[in-house]
Amino acid sequence: MGWLLIAGAAVFEMIGVLGLRLYSEKKRFRNGFIYLGGLGMSLMLLYASFEYLLVSVAYSVFIGIGTAGAVLLNMLFFGESKSIPRIISLIAIVIGVTGLKALS
């Protein structure tokens with residue numbers, strides 16, 4: 001159950017970051033709602049996951065998935081750089097998060 005909550009929290013974090021990007025471009029109610037709603041829901045699910053998982057593991061996995069997902073979304077939908085160093089950095093995040101989980 002805890003990992004499902006973390007997955008949901010990461011998805012909502014990505015939605016929140018997408019809303020932040022949209023809100024920074026156009027300050028509309030809809031964009032602000034996506035931004036605040038996404039991040040708010042994300043934090044609620046993360047908090048609920050602490051009932052089942054260690055805080056240090058849950059938080060680091062949540063941040064890793066959310067960060068990698070947000071960078072991928074920005075690369076795919078907003079034309080951010082897809083350079084090799086950025087992709088290697090993303091892979092390093094995934095390896096780091098996987099290592100934290102494996103060693104906990």
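Which residue lies over the face of Y23? K27 does, at 5.4 Å from the ring centre. Such a charge has NZ of Lys or CZ of Arg within 6 Å of the ring centre and within 35 degrees of the ring normal.

This is a predicted model: local features need pLDDT of at least 70, side-chain atom pairs need 80 or more, and totals for chains, interfaces and linings use all residues. Residues count from 1 along each chain as its sequence is written, and side-chain values use heavy atoms, without hydrogens or water.

**The core**

The largest nonpolar core has eleven residues, among them L5, L46 and F62. Core members are buried Ala, Val, Leu, Ile, Met, Phe, Trp, Tyr and Cys residues joined through side-chain atoms within 4.5 Å. Helices α1 (2-25), α2 (29-49) and α3 (55-77) each supply at least two of the core residues. The largest share, four residues, comes from α3. Helices here are DSSP runs of H or I, at least four residues, numbered from the N terminus.

L46 is in contact (heavy atoms within 4.5 Å) with I6, A9, A58, Y59 and F62, leaving aside neighbours within four places in sequence.

**Aromatic pairs**

The structure holds four aromatic pairs. Ring centres must lie within 6.5 Å; planes under 30 degrees apart are stacked, over 60 edge-to-face, the rest tilted. Two of the pairs are shown here.

| Pair | Centres | Planes | Type |
|---|---|---|---|
| F29 and F33 | 6.3 Å | 25° | stacked |
| Y59 and F62 | 6.2 Å | 45° | tilted |

F29 and F33 are both exposed. Y59 is partly exposed at 43% relative accessibility, whereas F62 is buried at 4%. Buried means under 20% relative accessible area, exposed over 50%, partly exposed in between (1.4 Å probe, protein chains only).

How values were computed
Phe/Tyr/Trp six-rings, centres within 6.5 Å; stacked < 30°, edge-to-face > 60°.
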